[in-house]
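Here is a friendly short briefing to read alongside the structure. Have a look at the model first, then follow the notes below.

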Amino acid sequence: MNILWLQSGGCGGCTMSLLCAESPGLLDTLANAGVELLWHPSLSEASGAEVIALLERLVEGSQTLDVLCVEGSILRGPNGTGAFHRLAGTDTAMLHWVQRLADKAEYTLAIGTCAAFGGITAAGCNPTDACGLQYDGHLLGGALGKDYRARSGLPVINVAGCPTHPGWITETLMLLALQGMQLDELDAFARPRFYSDHLAHHGCSRNEYYEYKASAEKPSDLGCMMEHLGCLGTQAHADCNLRLWNGQGSCTRAGYACINCTAPEFEEPGHPFLHTPNIAGIPIGLPTDMPKAWFVALASLSKAATPKRVRENAQADHIVVQPGRKK
């Protein structure tokens with residue numbers, strides 16, 4: 001299986017994340033899965049005319065393209081021409097290169113939330129008319145259109161995240177190389193279910209505080225960040241507290257609230273990221289699948305039963321009350 005990787009409107013953060021793949025590392029993972037990297041702008045030696053010649057062979061069909069990976073949103077402006085982003089060395093917009101190459105690919109992957117849904121690049125007034133490959137925010141469409149299908153019959157596979165986890169990329173590529181993927185292995189937003197069937201809440205080191213609704217009030221506190229600090233871990237489809245970053249970290253473990261970066265339009269929640277909107281003290285964004293009445297009842301009971309240790313540690317930056325010892 002071969003891979004062509006293009007970078008469009010983004011920061012390159014997903015490539016930076018991919019380079020942090022470990023146990024095994026990126027190059028060993030690709031080699032072990034029999035994957036050939038045709039070209040990557042940061043990892044490949046070829047440049048200029050060599051790359052343009054490769055792209056032309058792929059578009060013509062004289063060379064087979066198995067996997068097209070696109071990182072960063074597609075800039076459609078101005079007025080649908082894509083001229084805000086032309087591929088270096090050509091007069092052709094990246095929009096049109098991606099459309100032509102996607103028609104030839106066995107699988108097309110959107111790497112990161114920008115490529116999947118538009119992401120940070122599409123925030124605000126979006127002067128470049130940035131969008132995802134097959135989504136414009138939460139709506140189907142994007143650069144390739146809602147009816148696009150790769151040669152495999154699959155829509156764009158959205159390996160969403162900002163940045164996406166290196167394991168999500170390498171595991172998707174290994175699945176494609178070893179057995180392919182089926183439509184039922186993708187969720188409603190075409191994200192691979194092996195990570196999107198989990199929530200960032202699963203495995204969170206602050207879960208005891210969540211259970212007792214013992215909340216942090218400032219970023220340095222140890223407590224649950226849902227009630228006051230905007231944490232969306234109970235709604236975010238990702239396994240990042242199970243599949244830790246660099247083997248040991250995650251946003252919540254570092255003391256920063258989950259901002260649900262695998263979701264379309266996460267970049268514009270309508271309020272500051274570290275703020276939890278509420279009505280009469282009840283958070284507007286409740287945990288996935290949880291009715292409001294049950295949440296209110298559970299929260300009241302939990303707060304009434306909160307042990308002193310949990311309550312005091314929740315609003316401290318270190319453990320101030322040790323767990324008791326059972327006699």
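**Around Gly132**

Leaving aside residues up to four places away in sequence, Gly132 touches Cys114, Ala115, Ala116, Phe117, Gly118, Gly142 and Ala143, where contact means heavy atoms within 4.5 Å. This is a predicted model, in which local features need pLDDT of at least 70, side-chain atom pairs count only at pLDDT 80 or more, and totals for chains, interfaces and linings use all residues. Residues are numbered from 1 along each chain as its sequence is written, and side-chain values use heavy atoms, with hydrogens and water left out.

- Gly132 sits in the loop between strand S6 (130–131) and strand S7 (135–136); helices (H or I, at least four residues) and strands (E, at least two) are DSSP runs, numbered from the N terminus.
- With a relative accessible area of 0%, Gly132 is buried (buried is under 20% relative accessible area, exposed over 50%, partly exposed in between; 1.4 Å probe, protein chains only).
- A C-alpha separation of 8.6 Å lies between Gly132 and Leu144, 12 residues apart along the chain.

**Helix H6**

- H6 (residues 166–178) has 13 residues and reaches 18 Å from its first C-alpha to its last, close to the 18 Å expected at 1.5 Å a residue (the expected span being 1.5 Å times one less than the number of residues).
- Among the buried residues of H6 are Trp168, Ile169, Leu173 and Leu176.
- Just after H6, Gly180 takes a positive phi of about 80 degrees.

**Leu43**

- Leu43 lies in the loop between strand S2 (36–39) and helix H3 (49–60).
- Leu43 is partly exposed, at 36% relative accessible area.
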